Amino acid sequence: MASDRATTHRRLERMDELVSLCARRGFVFPSSEIYGGINGFWDYGPLGVELKNNLKQWWWQRVVRERSDVEGVDSSIIAHPRTWDASGHTEHFSDPMVDCRACKKRFRADQLEDAGKCSAREGSSEHDLTEPRSFNLMFSTMIGASEDAAAQAYLRPETCQSLFNDFKRVREASRQKLPFGIAQIGKAFRNEINPRNFTFRSREFEQAEMEFFCHPSERERWFEHWRDERMKFHHDLGLDPARLRTRSHADDELAHYCKAAVDVEYEFPFGWQEIEGIHDRGDWDLSRHSEYSGKDLGITNPETKERFVPMVIETSVGIDRTCLAILADAFVVEELEGGESRTLLQIHPRLAPIKVAVLPLSKKLAEPAHTLSDGLRKRFNVFYDDAGNIGRRYRRQDEVGTPFCVTYDFESVDDGCVTIRERDSMSQDRVSIDAVSRYLTERVEPAA
Ligand code: GAP
């Protein structure tokens, strides 16, 4: 099509463009939407769950499978409550909060520009704020029927504490020697005072964390190793390098458990924000869990007989935040020569929710086109669409980031070939039907 040439293109400017695309096309939308939603909670739809799973699989492949020195686990969300005393969360995991007496809203004392917005909206020039109070961000729950304090438990605010609880068991079961790591992906919960920026700050979210245990003399080396590895990962996802940076924490920013920290930040339309943290947690966690559990989690060097508590280098990435960065980064609007425009998501093929759309040029070609798509389905996530004109069908796939569209036309019946159109360049290749699977494999599952 002559009109299919882009004259200009622009990136995402406002988050609401992405929020509306995500809801309309079934990536992410408010949880319990029919009841008006619930602030800080989101549901991933048919395309969102594919994107998220592809990201989690890539992380698992890179951090666990491709290394001989990292083991995976999947621990329970509710841990023994003493875990959170040992980790410091019962005491320290809180934000200062203030209430506005006029509008009855609650704000983080360190984000008071939000309170400014509230007073502007209410038409008042002054806000009537209470003194800051400390508000613990852990969600609490009760175990069993008993209502007494002993039955109180928490939904984990980070996934990593079970990796310390399980340290001895995993080391012995897997026969790992230092240095080695334990990793997991799972849900975490924080009762954030002001959830905001779409999924960026949610109350329920997913983390992919890895705790790497090493001898005290090697902590700097491993910190640098993991900082570089993790930055490489974000580049490999295809995120624009100009919108990625690392930022070291100043001493007064460090969390209570941290000796050093570097954030990986992405430049969203709402500014530079953290998507991952790499932390030198020292011996804080193993020492505290040894103290609180009464079980010595130290290690003896078999050669020197030296007894020591391993140091921990942590990598902690938000899956939802990274998905948001991927979507924000991929969003492009192109003006085409014919005057039309197209919205596309330039997602890395390995992350794309749908890998290939099979589009018969006419409903009369449904049977052979179905045979082709059913064959491809064993290997790829395939979308079959025979409704509407072909240009519109391409646009619908562009908008959700499908890297390839296979068009089955009337000639296909005779020559055994189909046309494969690539999303970003819109270039087309004529490929033998027998070779389609190989063609796609080479392009959507590139060697790591
Ligand atoms: N174990 C260390 C830890 O949890 P963190 O910096 O508090 O460190 C790590 O969290 C990552 O988890 C963040 O970089 C972010 O990607 C994600 N995260 C934290 N709070 C979040 C929230 N409220 N909503 C979405 N993601 C969040």
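**Close-up views of a predicted model**

**View 1. Ala357 stands opposite Phe383 in β21.** The model shown here and in the views below is predicted. Strand β20 covers residues 356-360. Its link to β21 consists of 3 bridges, and the two strands run parallel.

**View 2. An open sheet is built from 5 strands.** Their order is β21-β20-β22-β23-β24, with mixed pairing. The edges are β21 (382-384) and β24 (428-432). Each has a single partner strand, so one side of each is left without a neighbour in the sheet. On average, neighbouring strands are turned by 25 degrees against each other, direction ignored.

**View 3. Strand β11 is mostly covered.** Strand β10 (residues 180-189) is joined to β11 by 10 bridges, and the pair is antiparallel. In this pair, Lys187 stands opposite Glu206 of β11. Strand β17 (residues 311-318) also runs antiparallel to β11, joined by 8 bridges. Here Glu211 faces Glu314 in β17 as its opposite residue. In a regular strand, side chains alternate between the two faces of the sheet.

**View 4. Three isoleucines form a nonpolar surface patch.** They are Ile77, Ile78 and Ile143. Together they have about 220 Å² of accessible area. Ile143 sits in the loop between β8 (140-142) and β9 (152-154). Its relative accessible area is 46%, so Ile143 counts as partly exposed: above the 20% limit for buried, but not over the 50% needed for exposed.

**View 5. Arg25 is a buried loop residue.** The loop lies between α1 (15-24) and β2 (28-30). Arg25 has a relative accessible area of 15%, so it falls under the 20% cut-off for buried. Leaving aside neighbours within four places in sequence, Arg25 is in contact with Leu47, Arg396, Glu399 and Val400. Gln176 is 151 residues from Arg25 along the chain, and 45 Å separate their C-alpha atoms.

Key: Residues are numbered from 1 along each chain as its sequence is written. This is a predicted model: local features need pLDDT of at least 70, side-chain atom pairs count only at pLDDT 80 or more; totals for chains, interfaces and linings use all residues. Side-chain values use heavy atoms; hydrogens and water are left out. Two strands pair if DSSP finds at least two bridges between them. Helices (H or I, at least four residues) and strands (E, at least two) are DSSP runs, numbered from the N terminus. Axes are lines fitted to C-alpha atoms, for helices over the stretch in contact, and angles run from 0 to 180 degrees between N-to-C directions. Buried means under 20% relative accessible area, exposed over 50%, partly exposed in between (1.4 Å probe, protein chains only). Patches are made of residues with over 30% relative accessible area and no salt bridge: like charges are joined within 9 Å, nonpolar side chains (Val, Leu, Ile, Met, Phe, Trp, Tyr) within 5 Å. Accessible areas come from the Shrake-Rupley method with a 1.4 Å probe; for residues, only the protein chains shown count as cover. A salt bridge is a side-chain nitrogen of Lys or Arg within 4 Å of a carboxyl oxygen of Asp or Glu. Contact means heavy atoms within 4.5 Å.
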